[in-house]
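Colleague: I am new to this one. Can we go through how its labels were reached?

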Amino acid sequence: MLDLNTKKIKKNAYRVTKVRGETASRVRVPGGLLTAELLPLIQNIAETYGNGRIHLTTRQGFEIPGIKYTDMDAVNALLQPIIEKLNINQEIPGKGYTSAGTRNVSACIGSNTCPFATYNTTNFAKKMEQEIFPNDLHFKVAFTGCANDCIKTRMHDFGIIGMTEPQYEKERCMGCQACVKACKKKSVDALSVENYRIVRNTEKCVGCGECVINCPTRAWTRSPETYYRLVIMGRTGKRNPRLAEDFLVWATEDAIIKIVKNTYGFVNNYIDREAPGGKEHIGYIIDRTGFAEYKKWAMEGVELDPRTIVKGPVYWSGIHYD
Amino acid sequence: MGYQTTAEKMNAIFSDLSKDYLIYAPKRFVGDGTFTDIDTIRYGEITDLSEIEFAEKSDYSFKEVLLPISETLFYFTENEMKEADAPKKGAIVFLRSCDLHGLKRMDTIYLENGAVDTYYKRLRDNTKFILMGCENSFENCFCVSMGTQKSDDYDAYLKVDGDTVLVDSHWDYLDTALTGATQTQVIADSVTANDTVVTIPETVPQSLFDAPFWEEYGNRCIACGRCNFVCPTCTCFTMQDIFYTDNGKAGERRRVWASCHVDGYTDMAGGHAFRNDKGQRMRFKVMHKVNDYKRRFGTHMCIGCGRCDDVCPEYISFANCINKLNALVNDSAKEEN
Ligand code: HEM
Ligand code: HEM
Ligand code: SF4
Ligand code: SF4
Ligand code: SF4
Ligand code: SF4
Ligand code: SF4
């Protein structure tokens with residue numbers, strides 16, 4: 001006879017599944033990068049306590065289905081080395097994940113591998129995970145290396161898109177226009193030619209770095225600092241799926257971490273405690289309070305780089321079914 | 001004369017020299033590469049020997065010291081023109097043996113091929129060359145195949161080994177400055193073999209100019225010109241006449257690097273271009289490097305530094321192309337027999 005507290009189970013990153021008596025364990029992998037040595041450990045859990053199958057989640061974790069509720073303690077013990085290796089904050093050692101609300105922080109492959117990336121997405125994702133996990137509030141954060149947005153940050157509460165500020169050394173430019181063509185065909189057509197030299201429209205430029213990648217003489221190089229576009233409150237779902245909109249452009253790492261952390265305070269203050277399961281999604285909370293109120297909370301104590309552009313008011317569109 | 005001295009002493013000598021010379025050497029430019037967190041090694045000014053990147057091959061050659069990527073030649077107004085001033089200081093350039101041979105190719109083109117190029121000459125005459133040895137061959141080097149692995153045509157050879165500096169001087173200024181240093185025989189480090197070996201065909205029959213062999217390159221090459229820009233022996237340039245925007249009657253003429261792979265190279269007045277096909281551009285470059293130049297000047301143009309192979313984003317290997325061409329020439333010779 002099973003007598004379970006489903007709320008506790010869910011907080012422990014187990015799912016209440018459609019199959020009576022069976023749960024599924026979610027393994028989070030911040031930044032989506034792990035060393036191959038962890039795979040046999042996950043395999044072992046699936047084969048010993050699951051049904052031998054593993055689902056790759058959309059948030060770059062593993063979901064191990066077919067686990068008996070009665071085996072959760074045993075599975076938690078097997079999860080421990082994985083949790084430690086991936087450096088996940090844990091409140092009670094040996095007890096698995098102690099929260100599930102704040103989802104795995106995901107990232108595109110970034111500058112470890114991808115030629116387009118403007119920064120190491122994995123490292124920033126891991127840093128963010130350290131700052132915000134564990135927490136019961138439902139936050140989705142994703143990092144993408146460049147404006148191509150392969151991880152689809154615009155469908156997240158917080159999307160962080162890398163930007164570089166191209167530096168032009170005119171004495172190294174012979175006017176081949178490779179940068180101009182690349183920007184026009186692959187990006188936003190922000191470059192033009194004046195007297196055989198290149199002029200960058202700073203208002204149009206999205207900092208993708210195509211000019212830097214295509215310049216054959218290093219006339220274009222990357223800025224030493226990496227900048228980010230912070231897009232907020234994108235979502236999928238039943239009522240009003242929508243893409244995230246720009247909040248900060250040319251923002252710094254510190255500002256972004258601070259804003260995300262501030263948002264937890266905002267949600268704690270305004271969340272509808274009467275909502276089903278006590279869960280209300282940030283985007284809908286902002287819809288209720290208005291953007292101006294959110295911005296006040298979010299920007300509290302945030303130090304901005306002089307380059308940073310803060311948008312506001314921000315309007316979202318998307319599809320309304322409600 | 002060979003000397004053994006200290007890095008401190010040598011830096012002091014260069015510090016004195018810097019009153020009259022800009023000192024250029026391959027340097028690491030952190031994060032300046034094509035991709036994030038990738039460095040570039042290219043020429044820049046140095047003030048201390050420790051800034052020199054001895055351990056790796058430079059991505060770009062020294063040629064930009066004598067042939068700036070963009071160089072203003074003269075300024076003009078309605079009725080007059082004035083040549084741009086030459087740099088006030090001379091230059092000292094650190095470079096490897098293959099590049100010293102590359103210098104000869106540049107001299108041939110700019111000093112011995114018809115009219116003397118005064119803009120090149122005025123830089124060249126005030127430049128001293130310091131050889132950097134090669135203890136090991138780098139990836140893609142084929143200097144031995146090109147016979148450029150050694151050179152004693154330098155003003156000095158310099159090797160840094162911790163705090164010790166070995167110098168072989170052909171320059172009386174250094175001999176004077178090093179008076180009192182331990183005299184010793186100094187022989188420049190050089191390699192005797194490379195992993196990459198190329199065999200250049202003696203002659204390439206005209207019939208191979210349109211061979212299907214080149215077509216594959218037409219599909220692969222993206223006409224970026226990197227192979228030409230990194231090459232120490234690519235000496236092509238084009239002109240840019242600029243009219244200042246505030247006063248459309250005054251301006252300047254610049255010369256800038258050009259590349260036979262890049263669009264526009266064969267454009268004529270009226271817009272016609274002669275070599276649109278990138279396979280034919282590859283053919284033109286390869287033939288210039290290892291055939292045409294030699295027919296005219298007696299040595300191959302290519303000095304085997306392998307930078308073109310290092311840099312090509314499409315992984316087109318110039319060295320492998322020569323070897324494939326050589327096989328093709330041998331095959332066609334057999335067919336004729
Ligand atoms: C089928 C006929 C012709 C062809 C295919 C041809 C081709 C060429 C080519 C390939 C160049 C070199 C362009 C460069 O290096 O930038 C050139 C330059 C030139 N051609 Fe022709 N050409 C033709 C007829 C003529 C005729 C009839 C004249 C004169 C009456 C002429 C006068 C010149 C001159 C003055 C140059 C410029 C040289 C320079 O840029 O220093 N060409 N032509
Ligand atoms: C005193 C008489 C002339 C002088 C001083 C002169 C000078 C020049 C110069 C300096 C160039 C440019 C070279 C370059 O950009 O590299 C040129 C190109 C050219 N000239 Fe002349 N030229 C003269 C007469 C002519 C005549 C009479 C013709 C034709 C009948 C002609 C046809 C051309 C052509 C076809 C080009 C090549 C254009 C190109 O490369 O796009 N020129 N000439
Ligand atoms: S978003 Fe950019 S950096 Fe990330 S994988 Fe896609 S192209 Fe590469
Ligand atoms: S790609 Fe580089 S060299 Fe070519 S026009 Fe642009 S900045 Fe100049
Ligand atoms: S570097 Fe490669 S792709 Fe670029 S022009 Fe040369 S051969 Fe073509
Ligand atoms: S290979 Fe092309 S760019 Fe280089 S020197 Fe020859 S013609 Fe000029
Ligand atoms: S053709 Fe290639 S190997 Fe030869 S000198 Fe030029 S860059 Fe070096």
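**Rings, burial and cores**

Modeller: Keep in mind that this is a predicted model. Start with B:Tyr110, which has a relative accessible area of 3%.

Colleague: Why is B:Tyr110 called buried?

Modeller: Buried means under 20% relative accessible area. B:Tyr110 has 3%, so the label is buried.

Colleague: What makes B:Phe237 partly exposed?

Modeller: Its relative accessibility is 33%.

Colleague: Why is the pair of B:Tyr110 and B:Phe237 called stacked?

Modeller: The ring centres are 6.3 Å apart, and a pair needs them within 6.5 Å. The planes are at 25°, under 30 degrees, so the pair is stacked.

Colleague: Which parts does this pair tie together?

Modeller: B:Tyr110 is in helix α3 of chain B, and B:Phe237 is in strand β11 of chain B. The pair therefore links parts 127 residues apart in sequence.

Colleague: And why is the pair of B:Trp171 and B:Tyr173 called tilted?

Modeller: Their planes are at 35°. That falls between 30 and 60 degrees, so the pair is tilted. Their centres are 5.7 Å apart.

Colleague: How do you know that the charged end of B:Lys63 sits over a ring?

Modeller: The ring belongs to B:Trp257, and its centre is 4.6 Å away. The distance cut-off is 6 Å, and the charge must also be within 35 degrees of the ring normal.

Colleague: Which residues have the most contacts inside the largest nonpolar core?

Modeller: A:Phe143, A:Phe158, A:Ile160, A:Phe247, A:Ile259 and A:Tyr294, in a core of 39 residues. α7(A) gives the most to this core, with eight residues.

Definitions and conventions. Residues numbered from 1 in each chain as written. Chains lettered and ligands numbered in written order. Predicted model: local features only at pLDDT ≥ 70, side-chain atom pairs only at ≥ 80, totals over all residues. Heavy atoms only, no water. Core = buried A, V, L, I, M, F, W, Y, C linked by side-chain atoms within 4.5 Å. Buried < 20%, exposed > 50% of the residue type's maximum accessible area, 1.4 Å probe, protein only. Helix = DSSP H or I, 4+ residues; strand = E, 2+ residues; numbered from the N terminus. Phe/Tyr/Trp six-rings, centres within 6.5 Å; stacked < 30°, edge-to-face > 60°.
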